[in-house]
Amino acid sequence: MPPIRLILKFYSLLRLFSGKNARTVWISHPACAGHEPGANHPDSPERIGSIEQALRRSGVWRRLQTLDAEEISDARLALAHTSKYLNRLESRLPEDGKICRLDDDTVISKNSLSAARFSAGSVVQAVDMVMKRKAWHAFCAARPPGHHAKSGKAGGFCLLNNVAAGAMYALAEYRLNRIAVIDFDVHYGDGTAEILKNNPNILFFNLFETDLFPFPENNDMPDGGNMVHLPLPPGTGSVAFREAVRRQWLPGLAAFKPELVLLSAGFDAHRSDESGRLNLHEADFGWLTHKIIQTASGCPGKVVSVLEGGYTLESLSKSAAEHIRVLAGLGKSETAAAYQAELDRNREHVPPARTRHKHAGPAVLKQGL
């Protein structure tokens, strides 16, 4: 390499590590607000704005790169969805000011498909950013969410499967051998499971609360040998949640040694969100993010996070801010540190012998909190 190129490369790295270039990129598009499912629908157009406001208040926003998402191409979208399904979505677009109901939960408005295409496009763009080292991590402020969308069917508020589209693009474009897809939304990611099943290059980690839509324990959960399901009972709480992740996720993730990590980042497991009952705290999402980044050390800087659920604006914004703070390399917030101290104090008072059912997983350990 000529001396001048060596100097420029050194200067670029120096700017990166001195903070002159942001490590994490926020990718979204104004079109995402164009999905209007109705005044009483949980997937409010204000969701993305509430996260941005929380990041600005905490000072994290100024540490981020920000980019407008690009609309996904038909060819890239076809890697995850059938052309018949995409044509059917186009045909169901209603007139301005009206909505078309696809099922009991999922509706589509005039600009919904455009919002979904920009959301899926944000993940493709994020994959490019981290693979080309233009960003260390990425957060896609995507809306509508995607993890319930199957290859040929909408569902659970979702039209296009953003994470699956990004994973399939990464396989095709970069010829990766090991991609970890990690879904920590409170609901089972049935669409992602259907699209990615039996793919030998993808390992899908899927955490969810039992007895919630889409009721996976009453239906077949795809396996195909590439899925690690982690069902948790209502009321799990922080201690049991963290123990379950440590024992059932992290060893498998470390052994897999992913070249890229894609996160379906749902924040509806928060104790204040009416969607679920796992009773988590916003600090848990920061803790989980740190553990994933730390464990997937074989691909430092190649983590793409994509917004899924989280429908109570206050808890959504707090939880997402903790998550993005860790993605940006800023460590724990004061809130997270205080909550960790509270957990540590309570743990000190837990009796040494803790009751555990003979055949139960770590999620049912009595917490003592």
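Predicted model: local features only at pLDDT ≥ 70, side-chain atom pairs only at ≥ 80, totals over all residues.
The mean pLDDT of the protein is 89, with 87% of its residues at 70 or more. Confidence is below 50 over residues 1-20, a stretch that has eight contacts in the model beyond near neighbours in sequence. The pLDDT is likewise below 50 over residues 350-369, and for that stretch the model shows 35 contacts beyond near neighbours in sequence.

The protein is built from 12 helices and 10 strands, and of its 369 residues 56% are buried. When contacts between residues at least 6 apart in sequence are considered, 76% of them join residues at least 24 apart.

In soluble globular proteins, nonpolar side chains tend to be buried together. Here the largest nonpolar core holds 51 residues, and those with the most contacts inside it are Ile 179, Val 181, Leu 260, Leu 262 and Val 304. The element that gives the most to this core is helix H5, residues 112-131, which provides 10 residues. Leu 260, once residues up to four places away in sequence are set aside, touches Val 127, Val 130 and Met 131, along with Ala 170, Leu 176, Arg 178, Ile 179, Ala 180, Cys 299 and Lys 302. Apart from this core lies another, of 49 residues, which includes Leu 55, Ala 141, Phe 184 and Leu 207.

Helix H5 itself has 20 residues and reaches 29 Å from its first C-alpha to its last, close to the 28 Å expected at 1.5 Å a residue. Because 19 of its 20 residues are buried, H5 is largely enclosed by the rest of the structure. Arg 133 follows this helix and has a positive phi, near 65°.

Strand S6, residues 179-183, is mostly covered, with five of its five residues buried. Ile 179, Val 181 and Asp 183 point one way from S6, while Ala 180 and Ile 182 point the other way, and all of these residues are buried. S6 pairs with S7 in the parallel sense over five bridges, and within that pairing the bridge partner of Ile 179 is Ile 202 in S7.

The loop between strand S7 (202-209) and strand S8 (227-232) contains Leu 212, which counts as buried because its relative accessibility is 11%, below the 20% cut-off for that class. Leaving aside neighbours within four places in sequence, Leu 212 is in contact with Val 186, His 187, Ser 275, Gly 276 and Arg 277. The C-alpha atoms of Leu 212 and Tyr 188 are separated by 8.1 Å, although these residues are 24 residues apart along the chain.

Two residues in other loops have positive phi values. Lys 257, in the loop between helix H9 (250-256) and strand S9 (260-265), has a positive phi of about 55° although it is not a glycine. With a relative accessible area of 56%, Lys 257 is exposed. Asn 279, in the loop between S9 and H10, has a phi near 65°, again a positive value in a residue other than glycine. At 36% relative accessibility, Asn 279 counts as partly exposed.

Helix H10, residues 282-295, has 14 residues and reaches 21 Å from its first C-alpha to its last, close to the 20 Å expected at 1.5 Å a residue. Since 11 of its 14 residues are buried, H10 is largely enclosed by the rest of the structure. The buried residues of H10 include the run from Glu 282 through Ala 283, Asp 284, Phe 285, Gly 286, Trp 287 and Leu 288 to Thr 289, and also Lys 291, Ile 292 and Thr 295.

Notes
Residues numbered from 1 in each chain as written. Heavy atoms only, no water. pLDDT = per-residue confidence, 0-100. Contact = heavy atoms within 4.5 Å. Core = buried A, V, L, I, M, F, W, Y, C linked by side-chain atoms within 4.5 Å. Buried < 20%, exposed > 50% of the residue type's maximum accessible area, 1.4 Å probe, protein only. Helix = DSSP H or I, 4+ residues; strand = E, 2+ residues; numbered from the N terminus. Expected span 1.5 Å × (residues − 1). Pairing = 2+ DSSP bridges.
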